[in-house]
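Reader: I'm new to this one. Could you take me on a close look at a single part, the surroundings of the ligand?

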Amino acid sequence: MIEARGIAKSYNDHQALKSLDLKIEKGSIFGLLGPNGAGKTTFIRIINQIIAPDKGELFFDGEKLSGKHIGRIGYLPEERGLYPKMKIGEQLLYLAQLKGLSKAEAQKRIHYWLERFELKDRVQAKVEELSKGLAQKVQFIASVIHEPELLILDEPFTGFDPVNTEHIKAEILRLNQEGATIIFSTHRMESVEQLCENILLINKGEKLIHGKLHDVKNQFKEGWYRIEYNSAWQAPEKSDWKVEHLPSRDGIFAYRVNLNGGPRKDLLDQLNASELISFQEEIPSLNDIFIQSTSGNE
Ligand code: ADP
């Protein structure tokens, strides 16, 4: 859906993006990650053609990105851009028409979305009269009303309580199942783990990690296993395994074992099935990977 080749952007003498290459597959949910100042918003603004790159090329669905693609992109910016004094219905109508919808079509879709988000009775309310969560829902509607093929969401869960967060997540998944490609920029690693198949982690304008979430996690595994046992367990003598005793509770003995690159079967062979309560490979969380990759890089 999007291909970037050598995208670079500087503000005065500060290089915010340094020759970024990447591909975002059609129909995927793509996590754009990185600490504050990494260059995420700069990249998103370049796709939205709010700013132009100094160097490099961008392709949208195989064509060089240009003004004609704007109507196929939806953008939920982190800084919300609703008019506080305008009524919700009028505001959505205005924004939908800016995206090229006819008045009749816009009204039909506004009705559909307001009903979906249980906001129908607030159509005459002004944005400034809404709670943060409701205003956020209106902004979400504004970004999807023209049924964009590419939807860019910058911190979409800010301002939502847990119930509404789940509601929005379900909407994002539904739009993706209906064919939309989604770029999702956030600091919340747990929502990335739930939603994204592919991720790009950038820091200081440079790519650190790019790939399928599953492959990235495998790449960061350090070969640790956790076992819980009904009795005390001991690693075989003379093995070069590392064993850590974890605090035992309720008569359960727990260990972390690292096989020094040896096959997992060697450990399973050392376990007595009638004593074993659980066996688990340690898979790093995206949060761990994020911290490990970006720390020491200050
Ligand atoms: P992120 O969205 O990952 O937090 P940004 O793309 O907003 O990162 O910013 C990348 C870098 O560029 C930061 O160091 C930021 O201070 C700088 N920057 C962003 N926008 C501007 C601007 N309009 N003028 C000058 N510097 C900017």
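**Around the ligand**

Author: To get your bearings, the centres of domain 1 and domain 2, taken over C-alpha atoms, are separated by 44 Å. Domain 1 covers 2-218 and domain 2 covers 222-282, with bounds that come from an automatic or database domain assignment. Keep in mind that this is a predicted model, where local features need pLDDT of at least 70, side-chain atom pairs count only at pLDDT 80 or more, and totals for chains, interfaces and linings use all residues. Residues are numbered from 1 along each chain as its sequence is written, and side-chain values use heavy atoms, with hydrogens and water left out.

Now for the ligand. Around it sit Y11, H14, A16, P35, N36, G37, A38, G39, K40, T41 and T42 (a residue counts as near if one of its heavy atoms lies within 4 Å). Helix α1 (40-47) and strand β2 (14-24) each supply at least two residues of that shell, and α1 gives the most, with three. Those helices and strands are DSSP runs (H or I, at least four residues, for helices; E, at least two, for strands), numbered from the N terminus.

Next, the polar contacts, meaning pairs of N or O atoms within 3.5 Å. A side-chain N or O atom of T41 is 2.4 Å from an oxygen atom of the ligand. For T42 that kind of distance is 2.5 Å, and for H14 it is 3.0 Å. Taken alone, the ligand exposes 570 Å², and the protein buries 61% of that, with areas from the Shrake-Rupley method and a 1.4 Å probe.

Conventions
A polar contact is a pair of N or O atoms within 3.5 Å; within protein, one must be able to donate a hydrogen and the other to accept it, and residues adjacent in sequence count only if both atoms are side-chain atoms.
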